[in-house]
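Trainee: I would like to go through this model with you, one question at a time.
Mentor: Then let us look at it together and begin with the charged side chains.

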Amino acid sequence: MDFSKNLVAEALNKVPQVTLTFWAIKIMSTTVGETGADYLVVHAGLGKTATNGITLILLLMALTLQMRMSRYVPWIYWLTVVLVSVVGTQITDALTDGMGVSLYISTPIFAAALAATFAAWYAVERTLSIHTIVSSRRELFYWTAILLTFALGTAAGDLATEAVGLGFRLGVVVFGAMIATVTTAYYLGANAVLCFWIGYILTRPLGASLGDLLSQSREYGGLGFGSVYTSLGFLTVIVALVAFLTL
């Protein structure tokens, strides 16, 4: 009976199973979120206000479509993740650049907001597992947590690479090492739910550091590929992987 219930829950689950492909797309979507927003603001000439409005509307449309689905649909889910990545980045940038809020302040604020979301989610649903996102209420908790992980990851990443001075290259190494540590802990028997969410947070600054490393000019410590080619390259790989998952 338990096996049958697990099969039903898996069939109804609105989010993907956690695999190597999942993490690959997650990191690249983070990079696209970082470089894509920069492209729209600077190269496309839309400016921050117009870009923020456009991406927010697109996110609401994608999230509405995602919520209306009765099952996991790869292209809808990952489109929503990419847009959440962009908006999460913009929230942190708006606080830091627009309102002058220090990263030393915004980082713990986002951490507290995420902790409060998890507390409310667990109090209502008695689980934080992503394997049973089978109701609209659980899915709302899920996407709220996802948005806050991107905002927190952006703030923590900027704090480490810019304010503390790690730089893009060392940032990739440090955050990559932290993710490797979490992965090792998972395989040694650490709590799977905790490892997942810590890993999800850490992939944001890793992807952002990787995106900056690839896109920024050599003058600023990057490799000089530019935001256009970096965004298009990663977006092409994401589309290919999502098409593979769909098939």
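Trainee: With which residue does arginine 137 form a salt bridge?

Mentor: This is a predicted model, in which local features need pLDDT of at least 70 and side-chain atom pairs count only at pLDDT 80 or more, whereas totals for chains, interfaces and linings use all residues. Residues are numbered from 1 along each chain as its sequence is written, and side-chain values use heavy atoms, with hydrogens and water left out. A salt bridge here is a side-chain nitrogen of Lys or Arg within 4 Å of a carboxyl oxygen of Asp or Glu. The closest N and O atoms are 2.7 Å apart, and the partner of arginine 137 is glutamate 125.

Trainee: Which helices does this pair link?

Mentor: The two residues are twelve apart, and the pair links distant parts of the chain. Helices (H or I, at least four residues) and strands (E, at least two) are DSSP runs, numbered from the N terminus. Glutamate 125 is in helix α5 (residues 103-125) and arginine 137 in helix α6.

Trainee: Is arginine 137 buried or partly exposed?

Mentor: Buried means under 20% relative accessible area, exposed over 50%, and partly exposed in between, with a 1.4 Å probe and protein chains only. Glutamate 125, at 12% relative accessibility, counts as buried. Arginine 137 has a relative accessible area of 49%, and therefore it is partly exposed.

Trainee: Which residue meets glutamate 125 in a salt bridge of 2.8 Å, N to O?

Mentor: That side chain, like glutamate 125, is buried, and salt bridges that share partners join Glu125, Arg137 and Arg138 into one network. The residue that meets glutamate 125 at 2.8 Å, N to O, is arginine 138.

Trainee: Which residue forms a salt bridge with lysine 14?

Mentor: The structure holds three salt bridges, and in the one formed by lysine 14 the N to O distance is 2.7 Å.

Trainee: How far from aspartate 158 is the nearest side chain of opposite charge?

Mentor: Aspartate 158 is in helix α6 (residues 136-163), and although buried, aspartate 158 has no salt bridge. Lys and Arg count as positive and Asp and Glu as negative, while His and the chain ends are not counted. Contact means heavy atoms within 4.5 Å, and aspartate 158 touches Asp93, Leu103 and Ala163, not counting residues up to four places away in sequence. The nearest side chain of opposite charge, arginine 204, is away by 6.4 Å.

Trainee: Which residues is phenylalanine 196 in contact with, leaving aside its neighbours within four places in sequence?

Mentor: Phenylalanine 196 is found in helix α8 (residues 192-215) and, at 8% relative accessibility, counts as buried. With those neighbours left aside, the contacts of phenylalanine 196 are Val18, Phe22, Trp23 and Ile130.

Trainee: What distance separates the C-alpha atoms of serine 106 and leucine 159?

Mentor: Serine 106 is found in helix α5 and counts as buried at 1% relative accessibility. Leaving aside neighbours within four places in sequence, serine 106 is in contact with Val101 and Ala155. Serine 106 and leucine 159 are 53 residues apart along the chain, and their C-alpha atoms are separated by 9.6 Å.

Trainee: Which helix gives the most to the nonpolar patch?

Mentor: Tyr39, Phe225, Val228, Tyr229 and Leu232 make a nonpolar surface patch of about 520 Å². Tyrosine 39 is found in helix α2 (residues 20-43). The helix that gives the most, with three residues, is α9 (residues 226-246).

Trainee: What radius of gyration does the protein chain have?

Mentor: The protein chain has nine helices and zero strands, and 43% of its 247 residues count as buried. The radius of gyration is taken over C-alpha atoms, and the globule rule is 2.2 Å times the number of residues to the power 0.38. A compact globule with 247 residues would have a value near 18 Å, which agrees with that of the protein chain, 18 Å.

Methods
Patches are made of residues with over 30% relative accessible area and no salt bridge: like charges are joined within 9 Å, nonpolar side chains (Val, Leu, Ile, Met, Phe, Trp, Tyr) within 5 Å. Accessible areas come from the Shrake-Rupley method with a 1.4 Å probe; for residues, only the protein chains shown count as cover.
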